[in-house]
Amino acid sequence: MTFDLASIRADFPILHQEIYGKPLVYLDNAATTQKPQIVIDTLRHYYEKDNANIHRGVHTLSERATKDYEATRDTIRSFFHAASTKVVIFARGTTDSINLVASAWGSANVQAGDEILISHMEHHSNIVPWQMLCERSGATLKVIPMNEAGELDLETYANLLSERTKLVGIVHMSNALGTINPIATMIAQAHAVGAKVLIDGAQAAAHVPVDMQALDIDFYVTSAHKMYGPTGVGVLIAKQAILEAMPPYQGGGDMILMVTFEKTQYNDLPHKFEAGTPNIAGVIGFGAAIKYIQSIGFEAIEKREKELLAYATKLAQAFTGLRQIGTAKDKACVLSFVLDGVHPHDLGTILDREGVAIRAGHHCAMPVMQFYKVPATARASFSIYNTEAEVDALFAALTKARDMFA
Amino acid sequence: MFSLGDLYQQVIIDHTKSPRNFGKLDPCNHDAEGYNPLCGDQLHIYLQINADNIIEAIKFEGQGCSISTASASLMTEALKGKPVAEFERLFAAFHHMATADMEEAPDEDALGKLAVLSGVKEFPSRIKCATLCWHTLKAAIEDKAEPVRTE
């Protein structure tokens with residue numbers, strides 16, 4: 001499929017506006033992506049025509065809402081090559097999904113003396129739930145180190161793995177650095193010692209294809225809003241046998257078959273892990289977002305995003321005083337950097353007045369900042385709708401910032 | 001509309017590049033730390049207050065964005081040799097300036113050089129950068145053991 005940048009940009013209404021009299025240049029896609037018209041229309045259609053609670057209504061609206069909600073489960077199964085719709089669990093997002101696993105799976109499978117292994121480049125959402133689990137259970141949290149380029153040290157990883165390792169939690173693509181981790185080999189190594197693996201796909205899922213079965217992934221988690229979908233919805237995809245053996249996470253409606261005051265019989269998968277009325281509109285919008293990604297195709301997406309990152313990286317290397325944070329061989333979409341003499345937060349403010357939206361801060365990855373001994377970085381992150389002209393606008397604004405503090 | 005030049009006035013750039021009263025004060029009889037987790041700003045303020053309640057010496061160290069560095073630098077300059085009561089008056093005036101309505105001009109008589117920071121009110125995400133040092137100084141004067149956090 002050919003990549004038609006103009007028509008993709010036309011799909012995103014928000015891009016066509018001015019900020020302080022300058023065209024909006026949205027380069028904060030790692031924080032959240034913008035939404036195509038089809039996702040906005042799907043949400044609107046749902047609330048205008050189909051809004052009802054799902055699974056138990058016998059009226060037409062409920063049947064329509066249920067059908068579209070469950071159809072998204074199948075869209076996601078197919079997108080991630082999951083074994084069945086039973087293993088596709090809707091949640092509030094990546095953070096919620098990781099907490100589900102750390103709480104429900106962790107409480108049943110992790111004890112004092114066990115080890116949880118995560119990497120130095122994890123987002124706080126893939127650190128803190130495991131720290132909390134370790135505190136509750138007496139297990140130990142261990143960290144896979146990384147090198148200056150922002151690549152995981154796989155030799156040390158191999159040495160850290162042992163029969164004590166119960167779970168390995170790895171970010172598929174780092175939000176702070178852009179690094180794409182070699183999850184296929186890491187999963188195989190973890191399985192060799194009997195550990196389960198959770199892959200945090202919040203950053204990756206809109207940029208690289210994922211095959212749950214080929215990669216033999218135990219848990220994959222991601223968020224709709226970083227994949228052109230709505231906020232407040234995400235997904236946990238896991239292996240059926242693991243999910244069946246897990247106790248429920250939250251109790252409530254929808255996750256039960258029979259409730260008496262003496263005993264409750266839990267519902268089957270996937271409903272066992274979906275207590276309460278879910279974000280029905282969000283899930284249906286998520287489905288539209290995934291179909292949008294499928295309509296472009298990962299081959300075209302990856303090719304285009306590599307091209308744009310290469311263009312931005314070239315300009316970054318030539319920019320006096322700029323130090324890139326994260327130069328892994330395998331990376332995508334993220335240009336994280338510090339500029340001599342200009343604090344990232346000042347950069348954020350100055351660039352905003354030029355219409356350029358970037359993120360400045362620790363990117364919810366404080367250990368990454370500690371590793372590079374910087375308090376914060378400026379981060380430009382790219383998506384399918386960004387252009388070379390927008391990258392030029394970024395560097396023109398950076399020049400202005402540098403001159404202000406010269 | 002405020003322009004960038006209203007926020008990043010030359011005085012602020014100057015204090016960012018060469019902050020006044022920067023470093024550790026030893027000895028000191030009051031000190032406190034402040035953090036702004038949003039920006040990663042870290043600040044340590046040291047004070048020597050004498051028996052007559054005069055701020056004899058004041059210094060700060062740490063790292064931060066230009067607004068937080070310049071604000072701390074200007075604050076120490078304004079308060080060195082002044083009574084603690086002057087801190088209370090200036091803090092109230094500064095806080096009012098940073099959070100006042102857009103239309104309200106800063107009270108230059110009350111604030112002196114500190115009025116150059118009035119541009120922050122146009123940049124809501126940056127107000128806490130400018131006020132961090134003041135909250136930290138308050139904690140130092142009151143001998144608060146817990147570090148100050150802006151969020």
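Strands here, like helices, are DSSP runs numbered from the N terminus, with at least two residues (E) for a strand and at least four (H or I) for a helix. Two strands count as paired if DSSP finds at least two bridges between them. This is a predicted model, so local features need pLDDT of at least 70 and side-chain atom pairs count only at pLDDT 80 or more, while totals for chains, interfaces and linings use all residues. Residues are numbered from 1 along each chain as its sequence is written, and chains are lettered from A and ligands numbered from 1 in the order in which they are written.

Buried means 20 or more other C-beta atoms within 10 Å of the residue's own, exposed means 12 or fewer, and partly exposed is in between, with C-beta atoms placed from the backbone.

Next, look at A:L198 in strand β8 (residues 196–200) of chain A. A:L198 counts as buried because it has 27 C-beta neighbours inside 10 Å. Leaving aside residues up to four places away in sequence, A:L198 touches A:I98, A:V101, A:L167, A:G169, A:D218, A:F219 and A:V221; touching means C-beta atoms, placed from the backbone, within 7 Å. The C-alpha atoms of A:L198 and A:I237 are separated by 9.8 Å, and the two residues are 39 apart along the chain.

A:I237 brings us to the largest nonpolar core, which has 157 residues; A:I237, A:L236 and A:A289 have the most contacts inside it. Such a core is a set of buried Ala, Val, Leu, Ile, Met, Phe, Trp, Tyr and Cys residues joined through C-beta atoms within 7 Å. Helix α9 (residues 280–296) of chain A gives the largest share, ten residues. Domain 1 (5–30 + 297–404) and domain 2 (40–294) of chain A both contribute, so the core lies between them. The domain bounds come from an automatic or database domain assignment. As for A:A289, its contacts beyond four places in sequence are A:V39, A:A224, A:M227, A:Y228 and A:G229. A second, separate core of five residues includes A:I8, A:F12, A:I384 and A:Y385.

How do the two domains meet? Their C-alpha centres lie 28 Å apart in chain A, and the contact takes 22 residues from domain 1 and 20 residues from domain 2. On the domain 1 side, α10 (298–318), β14 (334–339) and α12 (366–372) of chain A each supply at least two residues, and α10(A) gives the most, with four.

Strand β14 also belongs to an open sheet of four strands in chain A, ordered β13-β14-β17-β16 with antiparallel pairing. β13 (322–324) and β16 (359–361) of chain A stand at the edges with a single partner strand each, so one side of each has no neighbour in the sheet. Three bridges join β16(A) to the antiparallel β17 (residues 377–381) of chain A, and A:G361 has A:T377 in β17(A) as its bridge partner.

Finally, there is chain B: the contact takes 13 residues from chain A and 13 residues from chain B. On the chain A side, helix α11 (residues 344–352) gives the most, with four residues.
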